[in-house]
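Biologist: I should like to learn how to read the features of a protein model. May we go through one together?

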Amino acid sequence: MINFVVAYDNIDTKLGMYFEECKNQLLGLLEEHNELVNGNVCEIAGRQCNNAYIDIMIPKYNTNPFVFIAYSHGNEKALCCNANFYVDKNVNARHFVNSLFYTTACSAGKELGSYLVDSGCLAFVGYKNDINVYIKTDKKDISKNCDNAGIVAFLSENITILEACKKMKTYYTQQIDKLENMKDMIFAGELVEARDALICLGNENLKKEDLFVT
């Protein structure tokens with residue numbers, strides 16, 4: 001089975017519900033593939049997204065391979081929840097040794113991703129620039145499905161993390177084409193920016209079998 005740690009900022013005033021819905025979609029996938037998980041999912045909700053809690057929880061997992069997934073805001077050097085930098089390049093990157101680190105946070109791929117990999121993270125998937133999501137329209141599910149497309153492909157198919165990232169970009173392109181056909185050029189343009197900001201770092205040949213813990 002694979003150990004999962006899922007952090008999500010459900011207390012953000014603007015995107016809290018969206019982050020939680022992304023997390024719930026992921027948990028639905030894990031329920032469908034229970035053979036990968038066997039119920040071993042640690043959730044870190046918004047009020048626990050701080051350095052102190054990370055210092056306590058992550059060392060319980062990082063002696064073995066594990067998957068860390070984060071739905072929150074971020075910047076080039078950190079993932080944040082309110083004023084708390086709960087994953088910080090200069091503070092606790094060492095905790096994520098042995099992890100597949102997957103995040104939808106803005107700009108985390110610019111510096112944090114490569115620093116995590118240099119600190120022992122197996123692979124990193126995230127965005128190197130700011131991205132936008134739609135939360136108040138019927139297109140919210142498009143944003144959510146795009147954000148989760150990479151981890152869904154990785155867990156559902158027998159592919160590498162790089163192949164999953166490529167499938168994620170392909171999914172983005174499919175949605176972009178649909179939006180352009182609908183003449184929704186603004187949203188299509190934002191998805192183009194998100195797709196082009198997506199990066200995969202570290203061991204590009206990593207497969208889910210490499211993360212199994214017996």
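This is a predicted model: local features need pLDDT of at least 70, side-chain atom pairs count only at pLDDT 80 or more; totals for chains, interfaces and linings use all residues.

Biologist: How many bridges join β5 to β6, and do the strands run parallel or antiparallel?

Modeller: In general, strands of a sheet pair through backbone hydrogen bonds, either parallel or antiparallel. Here, β5 (residues 78-81) and β6 (residues 84-88) run antiparallel and are joined by four bridges. One of the pairs can be named: A78 has D88 in β6 as its bridge partner.

Biologist: What does K89 touch, and is K89 buried or exposed?

Modeller: K89 lies in the loop between β6 and β7. Its relative accessibility is 18%, and because buried means under 20%, K89 counts as buried. Leaving aside residues up to four places away in sequence, K89 touches K77, E111, L112 and Y115.

Biologist: In which order do the strands of the open sheet stand?

Modeller: The open sheet has six strands in the order β2-β1-β3-β7-β8-β9, and the pairing is mixed. The edges are taken by β2 (41-44) and β9; each has a single partner strand, so one side of each lacks a neighbour in the sheet. On average, neighbouring strands of this sheet are turned by 15° against each other, direction ignored.

Biologist: Which strands pair with β3, and how many of the residues of β3 are buried?

Modeller: Strand β1 (residues 4-8) runs parallel to β3 and is joined to it by five bridges. Within this pairing, V5 stands opposite F68 and V6 stands opposite I69. β3 also pairs with β7 in the parallel sense, over five bridges, and F101 in β7 is the bridge partner of F68. As for burial, six of the six residues of β3 (residues 66-71) are buried. Both faces are covered: F66, F68 and A70 lie on one side, while V67, I69 and Y71 lie on the other.

Biologist: Which helices cover the sheet?

Modeller: Among them are α5 and α6. α5 lies across β1, β3, β7 and β8, and runs at about 155° to β7. α6 packs on the sheet and touches β7, β8 and β9, with its direction at about 180° to that of β9.

Biologist: How should I read the sides of helix α6, and which of its residues are buried?

Modeller: The general idea is that an α-helix has 3.6 residues a turn, so residues three or four places apart point the same way. In α6, the buried residues are I161, A164, C165, M168, Y172, Q175, I176 and L179. They cover an arc of only 130° around the axis, which puts them on the same side of α6. On the other side, K166, K178 and N181 are exposed. The elements covering the buried residues include β7 (99-103), β8 (123-127), α5 (140-156), α7 (185-197) and β9 (198-202).

Biologist: What does Q175 touch?

Modeller: Q175 touches I142, C146 and L191, not counting residues up to four places away in sequence. The relative accessible area of Q175 is 7%, so this residue is buried.

Biologist: What span should α6 have, given its 21 residues?

Modeller: At 1.5 Å a residue, α6 (residues 161-181) should span 30 Å, and the end C-alpha atoms are 30 Å apart, which agrees. Just after this helix, K183 takes a positive phi of about 65°. A second case is α1 (residues 16-32), whose 17 residues reach 25 Å from the first C-alpha to the last, close to the 24 Å expected. The buried residues of α1 pack against β1, α2 (34-37), β2, β3, β4 (73-74) and α5.

Biologist: Which residues have the most contacts inside the largest nonpolar core?

Modeller: In soluble globular proteins, nonpolar side chains tend to be buried together. The largest nonpolar core here has 50 residues, and L100, I151 and I161 have the most contacts inside it. L100 touches F66, V67, F68, A123, I151, F154, I161, L206 and L211, not counting residues up to four places away in sequence. A second, separate core of 26 residues includes I58, Y61, F101 and I199.

Definitions and conventions. Residues are numbered from 1 along each chain as its sequence is written. Side-chain values use heavy atoms; hydrogens and water are left out. Helices (H or I, at least four residues) and strands (E, at least two) are DSSP runs, numbered from the N terminus. The expected span of a helix is 1.5 Å times one less than its number of residues. Buried means under 20% relative accessible area, exposed over 50%, partly exposed in between (1.4 Å probe, protein chains only). The arc is that of the directions from the helix axis to the C-beta atoms. Contact means heavy atoms within 4.5 Å. A nonpolar core is a set of buried Ala, Val, Leu, Ile, Met, Phe, Trp, Tyr and Cys residues joined through side-chain atoms within 4.5 Å. Two strands pair if DSSP finds at least two bridges between them. Axes are lines fitted to C-alpha atoms, for helices over the stretch in contact, and angles run from 0 to 180 degrees between N-to-C directions.
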